[in-house]
Amino acid sequence: MKYVSTRSGAPELSFEQAMMTGLARDGGLYVPAVIPTLSVDQMAAMAGQSYEDIAYTVMRPFIGDTFTDDEFRGLIDAAYAEFNHAARAPLKQLDSNHFLLELFHGPTLAFKDFAMQLIGQMFQASLTRSGKRITIVGATSGDTGSAAIEAFRGLENVDVFILFPHGRVSEVQRRQMTTPVETNVHALAMDGDFDDCQAVLKDMFNDFDFRDGVNLAGVNSINWGRVLAQVVYFFSSAVSLGAPHRPVSFTVPTGNFGDIFAGYIAKRMGLPIDQLVIATNQNDILHRTLQTGAQVKEGVTPSISPSMDIQVSSNFERALFEAYGRDGDVVAAQMDALKDNGSFSISQGAIDMLRDTFASGRSSEAETYATITYELVRSGELLCPHSAVGVTVADRFQSATPMITLATAHPAKFPAAVEKATGQHPPLPPHMADLYERSERVTRVPNDLAALQTLIKERIAK
Ligand SMILES: Cc1ncc(COP(=O)(O)O)c(C=O)c1O
Ligand SMILES: N[C@@H](CCOP(=O)(O)O)C(=O)O
């Protein structure tokens, strides 16, 4: 299995190389040269299997010879061993035809753990083989950062630097990133919003002297391995509702477009997905893009679903690449226009493909609060604000096909909004019960590429 860049100007890589490389050297994102498919029999056989079994079947065709079968199966088992639910990703019924896929039973209480725990295992296996030392730099609006720190803290051959927007993540998210005691963890509170953090991270990748000098690696959804691991729960949940013999629909609370792109890959692999619905908060660039056929960047407005406060949606580039029939030159030109002018227009053929593939909707702050309140009465489920954005939008797309909405984080990560909507204060689980008593370690940093590069080089030299 080979991987190609969405901008067609970087070398083809193996799975292992693409995973360890992060951003392609032409600024693009790696995708598989061919998307493998699963047969109806392979999918039907998943009924009743463990999450780990399904994960192996779904991901194995993408891995090539990076790991042997036994090695890869062992990494999957280790990745999910610490999850706090036997099903890993349980489904709850909200009403007759609407289901919630709970993705928050991992160690940091968000869906990011599904991929990050596995990436952590795969990175360690690869680094043990190569004997290399790497510097991970990640950008986060709250959840990727804590999941990455959890997966890599204490590892001898890895330093992990996480850039988060100062004052724009929840207190629980911030403390998850600033309280680990391991000295290879560096929490950096940057002036600006998540888009600024992601832009400076991409600038680091595009500075080859720096990139090669520190052995830079990325664990954002830039990294194909992140997207791949997220494909699995589309299969596990759909199969438990009757797929491949019955189609299902999904609604995905969306920011950086990684999770919904994983759903698109599941569909391309053969999973019968009817509607694939993008749910955005008030930072609704993706919804506007589908409606108007042009992507126009606006400022980010802070919301009660802060992890989705994103306007430059990194993985949309992967969807564009497919929409343009894998023409990397067109994608490169559109991404340049977005960077230079803050907008680009999508051709008629490409927007038709995107509209055929995805539906979209937006939830206002008031609607999100109302859904958190209402859902507690309707089904007894306490939703986090991100999941509530999903449920709000999904309810508009109900049909005879079962709808699965992804619950992307635990309500205890966002207690203020949940308490305001329901009067209930969601408690942290036992392993995080003393989070507010732990001391914090964080460095306030400017939005300045050179200053950040100096800080990183100084820290890793110690
Ligand atoms: C809780 C939560 N929900 C939804 C999202 C959006 O996911 P994606 O960026 O993959 O679209 C994020 C962040 O990525 C998140 O942390
Ligand atoms: N919402 C994310 C933003 C980064 O997304 P990623 O999937 O590209 O890592 C977060 O919580 O950090």
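Trainee: How do the residues of the shell around ligand 1 divide into nonpolar, polar and charged?
Mentor: The general idea is a sorting by residue type: Ala, Val, Leu, Ile, Met, Phe, Trp, Tyr, Cys and Pro count as nonpolar, Asp, Glu, Lys and Arg as charged, and the others, Gly among them, as polar. In this predicted model, the shell around ligand 1 holds 6 nonpolar, 9 polar and 2 charged residues.

Trainee: Which residues are the closest to ligand 1?
Mentor: A residue belongs to such a shell if its C-beta atom, placed from the backbone, lies within 6 Å of the molecule. For ligand 1 there are 17 residues, with Asp 143, Asn 256, Gly 258, Ser 307 and Thr 408 the closest. Helix α11 (residues 258-268) contributes the most, 3 residues; helices (H or I, at least four residues) and strands (E, at least two) are DSSP runs, numbered from the N terminus.

Trainee: What surrounds ligand 2?
Mentor: Its shell has 13 residues, the closest being Thr 140, Asp 143, Thr 144, Asn 220 and Ser 221. By class, 12 are polar, 1 is charged and none is nonpolar. Helix α6 (residues 143-152) supplies the largest share, 3 residues.

Trainee: How are residues and chains labelled, and what limits apply to the model?
Mentor: Residues are numbered from 1 along each chain as its sequence is written, while chains are lettered from A and ligands numbered from 1 in the order in which they are written. As the model is predicted, local features need pLDDT of at least 70 and side-chain atom pairs count only at pLDDT 80 or more, whereas totals for chains, interfaces and linings use all residues.

Trainee: What pLDDT does the chain average?
Mentor: pLDDT is the predictor's confidence in each residue, from 0 to 100. Here the chain averages 97, and 100% of the residues score at least 70. The model also scores ipTM 0.99 and pTM 0.98.

Trainee: How many residues of α11 are buried?
Mentor: A residue is buried if 20 or more other C-beta atoms lie within 10 Å of its own, exposed if 12 or fewer, and partly exposed in between, with C-beta atoms placed from the backbone. In α11, 9 of the 11 residues are buried, and the helix is mostly covered. The cover includes α10 (224-240), β9 (248-253) and β10 (273-280). Just after α11, Gly 270 has a positive phi of about 120°.

Trainee: Why does the span of helix α8 agree with expectation?
Mentor: The expected span is 1.5 Å times one less than the number of residues. Helix α8 (residues 194-206) has 13 residues and should therefore span 18 Å, which agrees with the 18 Å between its end C-alpha atoms. Among its buried residues are Phe 194, Leu 201 and Phe 205. The buried residues of α8 pack against elements including β5 (134-139), β6 (158-165) and α19 (449-461).

Trainee: Is Glu 182 buried or exposed, and why?
Mentor: Glu 182 is exposed because 11 other C-beta atoms lie within 10 Å. This residue sits in the loop between α7 (171-178) and β7. Not counting residues up to four places away in sequence, Glu 182 touches Arg 153 and Gly 154; contact requires C-beta atoms, placed from the backbone, within 7 Å.

Trainee: Where does Asn 84 lie?
Mentor: Asn 84 is in the loop between α4 (69-80) and β3 (91-95). Asn 84 is partly exposed, because 14 other C-beta atoms lie within 10 Å.

Technical notes. Two residues are in contact if their C-beta atoms, placed from the backbone, lie within 7 Å.
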